[in-house]
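Biologist: I would like to learn how to read the packing features of a model. Please take them one at a time, with the rule before the case.

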Amino acid sequence: MAHPKILEVIEHDVCTACGACVSACPAGAIVMNKRAEVRDPDNLELYIQGAAPNVCEGCLTCGRLCPVIDGYAEDEFANVKEFFGAKSTIQGQDGGVTSILAKALLETGTVDCIVGITKDDKWGTELIVMTKPEDVDRTTGTKYTYDSVLSALREPFEKYDKIGVIGVPCQAHGARLLVENNNDKIVVILGLLCMESFHHDVMTEKIVPEVMGLNLDDVVKMDFGKGKFWNYTKDGEAHSVKIPEVAHYARNPCHHCCDYTSVSADISLGSVGTPDGWNCVLIRTDVGKQMFELVKDKVELMEDPKPGMDLIQKLAKMKHDNNSGHYLEVCEKFTFDECGIH
C-alpha cells in the first residue's frame, strides 16, 4: 500500500485540522479531533468504526487535499481583484458582512447549505451546517478557538448540490483543494483573515483566567486589534494585553502557517484595514464578485478605507516572516517534496 503523506503531516504536528481529508476519504479511514492528535494505526479503539491508516485503500486522495502538502502562496495578494470596506446592519464582530452574505446565499438559493462554526456559552466551538437564513444568527462573532470545519462536509456532500464554506485560511485552502481535486459541490468559499487560533482549553483555562485575569463567564467578546488581544466583559469594560503575551499559546500548526488573508477564498473578509465597525472585503475570483452582488445594495460601502491594504499587507508579511522558516524546516523532514512556498 502507498504511504499516505498526511501521516507525516500529522506526525510532525503541522496538521492544520482543516478536515478536508476527513470529508473526502472514501474508506472513512481518517478521524479528526480538535487537537489533530497523532493516532496509533495499530490501536483501532482510537478510530470511529474501526477506521485507521491500516484500512486505507491507498487512493492517496488525502494528500491532494492537504494545505500543508500543497504549500503556500509567496504573494497572497496576487489574485485580489477588488478591495473595499463594507458595513451591514447585522450585528456581528465588526461590520457583519460575512453574516449578511451568508444569509443572502441561503435566501436566494445560491447555496443549499453553508458549513461553518458557532460557539456555546463557554466559548467552545461547534460545527454547524446552515440551511436556513436564521441559522446564520447562531454564527455571528469571531471565535478564536478552532474546529475542523471541513470535516462537517461529509454528510452535506451526500445531501446537497450547492455548498458554501466559511473558514479561516487553512479551511479555505482545503476547500479549494476539494473543489479542484475531489468535489465540485462547493460553489463559494468565504475566507476569514487569521493570524492564529487556540485550543479551547488553552483559551479558557490559561489565557482568559491567568493572562487576562478575567472570569470566562463575564467575557462577551474577544478581538485582536491595534497590537493587542481584547476581552470585553458584561460590565462594558475593555481589557487587553499585548499580542506577544498570548501568541505563543496558539496551536502549533498556526506557527507554521503562511496564509493570513485566505488566499484560496472567493471573498476574504476581516476587520483589518478599515475603521472600527467595518469589514475589509477582498474579492479574489469572478465567483466572489458575483456573490457580493447579492448584498451590494444591502451594505454601506467605503471605496478607500483607511488604514487600508497597507496594514493588511504589513500583517501578512509579519506572519510570513514569523512562520515561513518553521514551515520550510518541517518540509525538509518530509519524505516528499511537493510542499513549500510557491
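Modeller: Contact means heavy atoms within 4.5 Å. Leaving aside neighbours within four places in sequence, L178 is in contact with A20, S23, A24, L65, L150, L153, F157, N183 and I186. This is a predicted model, in which local features need pLDDT of at least 70 and side-chain atom pairs count only at pLDDT 80 or more, while totals for chains, interfaces and linings use all residues. Residues are numbered from 1 along each chain as its sequence is written, and side-chain values use heavy atoms, with hydrogens and water left out.

Biologist: Which residues of the largest nonpolar core touch the most other members?

Modeller: In soluble globular proteins, nonpolar side chains tend to be buried together. A nonpolar core is a set of buried Ala, Val, Leu, Ile, Met, Phe, Trp, Tyr and Cys residues joined through side-chain atoms within 4.5 Å. Buried means under 20% relative accessible area, exposed means over 50%, and partly exposed lies in between (1.4 Å probe, protein chains only). The largest core here has 51 residues, and V9, V68, L150, L153, L178, I186 and F334 touch the most other members. Among the elements that give two or more residues to this core are helix 1 (6–11), strand 2 (113–119), helix 7 (169–181) and helix 11 (309–331). Helix 7 gives the most, with 5 residues. A second, separate core of 26 residues includes L269, V281, F292 and V295.

Biologist: How many helices and strands does the chain have?

Modeller: Helices (H or I, at least four residues) and strands (E, at least two) are DSSP runs, numbered from the N terminus. The chain has 11 helices and 11 strands. Its radius of gyration, taken over C-alpha atoms, is 19 Å, close to the 20 Å that the globule rule (2.2 Å times the number of residues to the power 0.38) gives for 342 residues, so the chain is as compact as a globular protein of that length. Buried residues make up 54% of the 342.

Biologist: How many aromatic pairs are there?

Modeller: Rings of Phe, Tyr and Trp (its six-membered ring) pair if their centres lie within 6.5 Å; planes under 30 degrees apart count as stacked, over 60 as edge-to-face and the rest as tilted. The count is 8 aromatic pairs. The W230 and Y232 pair is stacked because the ring centres are 6.3 Å apart and the planes are at 15°. F334 and F336 are also a stacked pair, at 4.6 Å centre to centre with 15° between the planes, and both are buried. Ring pairs also link Y144, F198, F224 and F229 into a cluster.

Biologist: Which charged end sits over the ring of Y232?

Modeller: A charge sits over a ring if NZ of Lys or CZ of Arg is within 6 Å of the ring centre and within 35 degrees of the ring normal. For Y232 it is the charged end of K221, 5.6 Å from the ring centre. Y232 itself is partly exposed, at 26% relative accessible area. R251 lies over the face of Y146, at 3.7 Å from the ring centre.

Biologist: Which cysteines does a disulfide join?

Modeller: A disulfide is a covalent bond between the sulfur atoms of two cysteines. The rule asks for a pair of cysteine sulfur atoms within 2.5 Å, and the count is 1 disulfide. C331 is joined to C339, S to S 2.5 Å, and both cysteines are buried. C59 is in no disulfide, with the nearest cysteine sulfur, that of C25, 6.1 Å away. C59 counts as partly exposed because its relative accessibility is 34%.
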